[in-house]
Amino acid sequence: MERLRASGPIVVFSILLVVAMAILAIAGASVNNLISRSFATEAQIRNARLLAEGALELQLDEETGIRGWAATGAGTFLQPYRAALPILPKTLDGLGTLLGKLGIGRAAALRDARHVNAEWLRLVATPVLSGPRGKGALQRYGKKLIDRYRIDIRSIEDGLSILEHKTDTATRRAIEQNTFVTVGALIALAITGLIVGVVQTHSVQEIAQREAESARLRAAYAAERRVSDALQEAFLQKPLPTLVGVAFSATYIPASEERKVGGDWYEGVELQDGRVMFAIGDVAGHGLEAAVSMNRARQAIVSAALVHADPAKMLARVNDELIADRGRMVTAVCGIADANKYSFTYATAGHPPPILVEPGRAPRILPIGGVPLGVLANRAYRTHSIQTVPGATLVLYTDGAVEFERDPIEGERVLLEAVRAALEQGNAEPATAIRDQIFGFRSAEDDVAILTIAFVEPEEGSDHGHHEAQIIASASRGGTIVPSSSTTVVTKTNAA
Amino acid sequence: MSSDSSVVVIALSGELDVARADEVARALALPGRGTPVLLDFSDVSYADSTVISALFSFSERASEANVRIAVLIVKPQLIRLLEYAGVGEAFPVFRERSAALTYLLGNG
C-alpha cells in the first residue's frame, strides 16, 4: 500500500509523458505535411512564373522579328518570330492549366493575353508580312497591343506573388502554432514533472510524518503506561487496614510482558462492629483505560459496601453503575469478614473461586456464581455464607494465579498446593508466600494479585491476649463458633 | 460459518486471546432472519477476558434480536474457565453437540 502510494505519481507522470510524446509526434507530422504541401505549391508558382515570363518573351520575340523584318526586309529577323509562333499558344495553355490548379483568379488576364496575341497577329503581323501597308499597322497597333499584353502577364505574375505570400504566411503561421503546441506540451510536461516531484517529496514527508507520529504514539504509550502503572501502584500502595482479629496480606505481580499493564486490584475496608469488607477484582484488558475502569469499579464496590451489608447486593449495585458507565468488563469477588462470628459472606462475579484454608484441613475451593460486572444489565448475584473457625484464612486471587499455563484445572491444582505449603509454614505474609510457591520458578504472563484474609487465632498469655479475649467474648455472645469439621456454606440469592 | 440444517454454526478453535480479538469479533456476527446460532467451541482450549467479554456482548445482541444461541464446549480447561466467568448463567452451555442442536431446533 505504502509502495503503491509512493509510486502513484510516477505512474501518472509516465502516462503524461507518453501523451506529450504523442502530441509532439502528431505536431511534427502535421508540420512536415504542411511544409511539403507548401513546397509543392511554391514549385507550381515557380513554374507558372517561368511560363508567364516565357509567354512575355515569346510575344516580344514575335514583335521584334516582325519589326526587324519591316525595317530591313532581312529574312533572318523572321526566325525568332517563326520559332515563337507555335510555342506561345502552348505556353499560354500550360500557364492556364497551372493557374487553374493554383486557383488564382487571373483567368480574365490570361484570356485577354490570348486575345491580344491573336489581335496582334491579325492587325500587325499579317499586314506587315503581306505588304507595305503593314508599316502603318505596326505604328498604329504594335506598341499599344504589346503594352496591353505586358500588363496582362504582369497581372498574372502579381497573382502568383500574392499566392506565394499567402502560402508563406500560412506555412509560417502553422509552424508557429505547431511550435506553440509543442512548447505547451513541453511546459505541461515540465509542470507535471514538478508537481510529481512535489507530491513525491510530499509523500516522503508524509512517511517521515508518519514515522514521527508513530514515535509520538510510542512516547504516548510509554506515558500512558507510566500513568497506569502509577495509578495501579497508588491503589496497591494504599495500605490494607491493620485490625484486631482480622489479618490481611496481599501481593501484586505485574505482568512479565511490558505491554500488559493489568487492571487487577484488591481492597480491604474496616466497617463497624468488627466487620471488614474485602474485595479483589480484575478489569478485562490492559493500559490506562483498564486502570481507569479499575478505579471506578473499586470505588463503586467500596461505596456499595457502605450502603449494603449483603455482598450480592453490593455486586448488583456495582454492576448497575458499570453498565450505566459502559465501562469494561470487570470480574470480582467481594465479601465481609466478621471477626466476631468467624464468618465470611461473599459474592462472586465471573471471578475464579476463593480458597478457604482451615487449620488441620486441606485447602478447598469455594463455590462461585454470577456473570462479570458491566456486561449484562439487571443481574442478580448470590451471597455465599461461610461459618468457619479461628485461624481460618480466605485466599482470593486474580486469574493470573491459575491461568499461567492457560489451563485452570492444572492452575487450581498448583494453587491449592501452593496455598497448603505457604500456610503450613505459618508465614506472617501468606500472600507473598503463596506467590513465591507458584512463581518461584514460573513467569507471570498476566498480572497477578493475591489477597488473604485470616481470622487471627487467640493466643493465650500473649501481649494481645486482652483484645483476643474480647473477640472471643463477642464471638461467644453471637454463639456462632462451630468446629471446623462442621463448617457450613450457606448460599442465598438476592433479588435482581 | 456453516449451516447445520437451520442452525448457523460458528466454529472457532485453539487459544482465543487478545491477539485474536478481531478475528473473534468478526466471527461473532448474528445471522439474519433469527436463525439459531451454535457457537462451536469444541476445539477451543482457552479464552481470555477480552474474548469472554465479546461472548457476553454477543449473547446480549442475540437476546435483543430474539435469536436463540448455545455454546458447545468440550475441553475441560475451557469448561472451567467459563464456569469462572458464569457464562452458563447468560446462555446455554452444552458439552454434546446433539444436545445443543436439539435445544436450538426445539420449539421451547
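Predicted model: local features only at pLDDT ≥ 70, side-chain atom pairs only at ≥ 80, totals over all residues.
Local features were required to have pLDDT of at least 70 and side-chain atom pairs pLDDT 80 or more, whereas totals for chains, interfaces and linings use all residues. Residues are numbered from 1 along each chain as its sequence is written, chains are lettered from A in the order in which they are written, and side-chain values use heavy atoms, without hydrogens or water.

Side chains of opposite charge can pair when their charged atoms come close. A salt bridge was defined as a side-chain nitrogen of Lys or Arg within 4 Å of a carboxyl oxygen of Asp or Glu. By this rule, 25 salt bridges were counted over all chains. One of them pairs A:Asp112 with A:Arg148, with the closest N and O atoms 2.6 Å apart. A:Asp112 lies in helix H3 (residues 107-130) of chain A and A:Arg148 in helix H4 (residues 134-237) of chain A, so the bridge ties together parts that are 36 residues apart in sequence. Helices (H or I, at least four residues) and strands (E, at least two) are DSSP runs, numbered from the N terminus. Residues are termed buried under 20% relative accessible area, exposed over 50% and partly exposed in between (1.4 Å probe, protein chains only). A:Asp112 is buried, at 18% relative accessibility. A:Arg148 is partly exposed, at 37%.

Other bridges lie within a helix. A:Glu321 and A:Arg317 form a salt bridge at 3.8 Å, N to O. Both belong to helix H6 (residues 311-325) of chain A and sit 4 residues apart, about one turn of the helix. A:Glu321 is partly exposed, at 32%, and A:Arg317 is partly exposed, at 31%. In helix H7 (residues 408-424) of chain A, A:Arg413 and A:Glu410 are 3 residues apart, again about one turn. Their side chains meet in a salt bridge of 2.9 Å, N to O. A:Glu410 is partly exposed, with a relative accessible area of 24%. A network of salt bridges links A:Glu412 with B:Arg80, B:Glu83 and B:Arg95.

The second largest pocket has a volume of about 500 Å³. A pocket is an open set of points on a 1 Å grid over the protein atoms alone, where a 1.4 Å probe fits, with protein on both sides within 12 Å along at least five of seven lines; lining residues have an atom within 4 Å of a point. Grid points are joined across faces, edges and corners, and the volume is the space filled by probe spheres set on the points. The lining comprises 36 residues, and A:Asp399, A:Asp446, B:Tyr46, B:Asp48 and B:Ser49 lie nearest the centre. Strand E3 (275-283) of chain A supplies at least two lining residues, as does each of strand E3 (37-47), helix H2 (49-64) and helix H3 (76-85) of chain B.

Chain B has 5 helices and 5 strands. Their order along the sequence is β-β-α-β-α-β-α-α-β-α. Of its 108 residues, 47% are buried. In helix H5 (residues 97-105) of chain B, the buried residues are B:Ala100, B:Leu101 and B:Leu104. They fall within an arc of 95° seen down the axis (directions from the helix axis to the C-beta atoms), so they line one face of the helix.

A:Thr393 lies in strand E9 (residues 393-397) of chain A. The residue is buried, at 7% relative accessibility. Beyond neighbours within four places in sequence, its contacts (heavy atoms within 4.5 Å) include A:Ile355, A:Val357, A:Leu423 and A:Ile453.
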